[in-house]
Amino acid sequence: MKFNRIFNIFTFCLLVFLAGFGLAGCAEKNKNSVQAQKFAGSESAPADNIPLTKESSSKEKSSKESEHVRICSSVKTVKDEYIPLLNTNVFIKTDGNSHGEELADRIEKEIIYYHKLFDQYHYYYDDKNEGTVKNLAILNEHIALARNFSAEKELAELLKKSLNLMELTGSRFNIFINPVLALYDGLFSPFPVVRKDPDSQKIKEALEKVLSAEKAKKIISFDENQVCFYGSDLSGLSINFGGIAKGYVADKILEKFGGEKFILSLGSSTIVSCGRTAKIGIASPYYRTLPLFQVNLPEKIALSTSSTTNNYYISESDGKTVRSHIIDPETGYSQNYYWAVIVLCSDAAVSDALSTGLFNIGEISEIMRIIKQVRAEYGCFLEVCFVKDFSAEDKQVTLLMTEGFEPNINKEYEGIGIAEYKKLSEN
């Protein structure tokens, strides 16, 4: 990956945007309140805006007055700090009547609850300001002391699901990656900066502290919502829900408000639609204003993405290697197999986790093994697309996709810069 090529694409910081969502100006106004801060969701890069695509029709524009778009606000900690909701721009699109606005209020309140619960760095008062939320930050303190923790139902549920997905992905999706991530603190940028890699010996030492699914089973057990920890020295061990929390939240919103009509965008990480379909534009790594292709997103199917282009740096070692924020828990470095991974799934937590977990796997046979195992485990609709370079000089990419992904591509939009479509063999 050449430096000038990265420079050409760094300004396009989104991977995903909603066709016709109409939020470019609104998001830009809110930009100052959503600067990057450490949160459980930091592994997934936030979106700075959601622009209209060139395909937006006059009909779509005229309908905006009948639609309500909520740009969710930040959340206050016990120290009076204001943290962006799920560390990203969260948008809720509903009907523009009083019911739609009231629905947006209820959805936002629900998301705030989960934000407080899954934040690994900050502490929050409960809704009545009568006590502190027993969240992930407090759970991590208990791990270090090897003390059992009586968790909220949803926190225990997400931990159990995360451990299961770790096992299914061979620990490539990994919630214990914090020791390695800490070495990259402050290095990643939305701009093409050249920086020195962390010390290789320190990465090696940090990897020894990253649990595999097998080791996690020996250290963590559950008694309903009671989380139990075993081990003589668990210092330095902590949990990061950054690769799954947004998807889990999307599932909970669909579960509670499944009879309503809305679109929920949790930054560039996960998008779901309820009571309607949506067209989602997938950003090109080479073209600033035109989507690579569009996805026709069915109702209650999540679309999750991970991308190299908006949170990275150029390694000083050779001046061209890209280090992405999506770290491989086996090597301690990011791989450069793909520009992006796009996952469609009826289980949003699964789609969120797999968009991260599959990103650093180059072997197609291993990818298909994981996909088959996850489908069997959860009985879910699951399709995946990988955006891979075909010709950097010609600004073209290859789309590698599972059999069921292609029918969801919007054939009315021609696409740009796609040299070839390849289906992954599922035999």
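This report covers a sheet, a helix and several salt bridges in a predicted model.

Strand 19 (residues 396-401) and strand 20 run parallel and are joined by five bridges. T398 stands opposite E420 in strand 20.

## Salt bridges at E67

The model has 24 salt bridges. E67, K93 and R276 are linked in a network of them. E67 pairs with K93, the closest N and O atoms being 3.2 Å apart. E67 lies in strand 2 and K93 in strand 5 (residues 90-95), 26 residues apart. K93 counts as buried because its relative accessibility is 5%.

E67 also meets R276, at 3.8 Å from N to O. R276 sits in the loop between strand 11 (270-274) and strand 12 (278-283), 209 residues from E67. R276 is partly exposed, at 23% relative accessibility.

E403 and K423 form a salt bridge, 3.5 Å from N to O. E403 is in the loop between strand 19 and strand 20; K423 is in strand 20, 20 residues apart. E403 is partly exposed at 45% relative accessible area. K423 is partly exposed at 47%.

## Helix 4

Helix 4 (residues 98-118) has 21 residues. The helix spans 31 Å from first to last C-alpha, close to the expected 30 Å. Its buried residues include G100, L103, I107, E108 and F118.

How values were computed
Residues numbered from 1 in each chain as written. Predicted model: local features only at pLDDT ≥ 70, side-chain atom pairs only at ≥ 80, totals over all residues. Heavy atoms only, no water. Helix = DSSP H or I, 4+ residues; strand = E, 2+ residues; numbered from the N terminus. Expected span 1.5 Å × (residues − 1). Buried < 20%, exposed > 50% of the residue type's maximum accessible area, 1.4 Å probe, protein only. Pairing = 2+ DSSP bridges. Salt bridge = Lys/Arg side-chain N within 4 Å of Asp/Glu carboxyl O.
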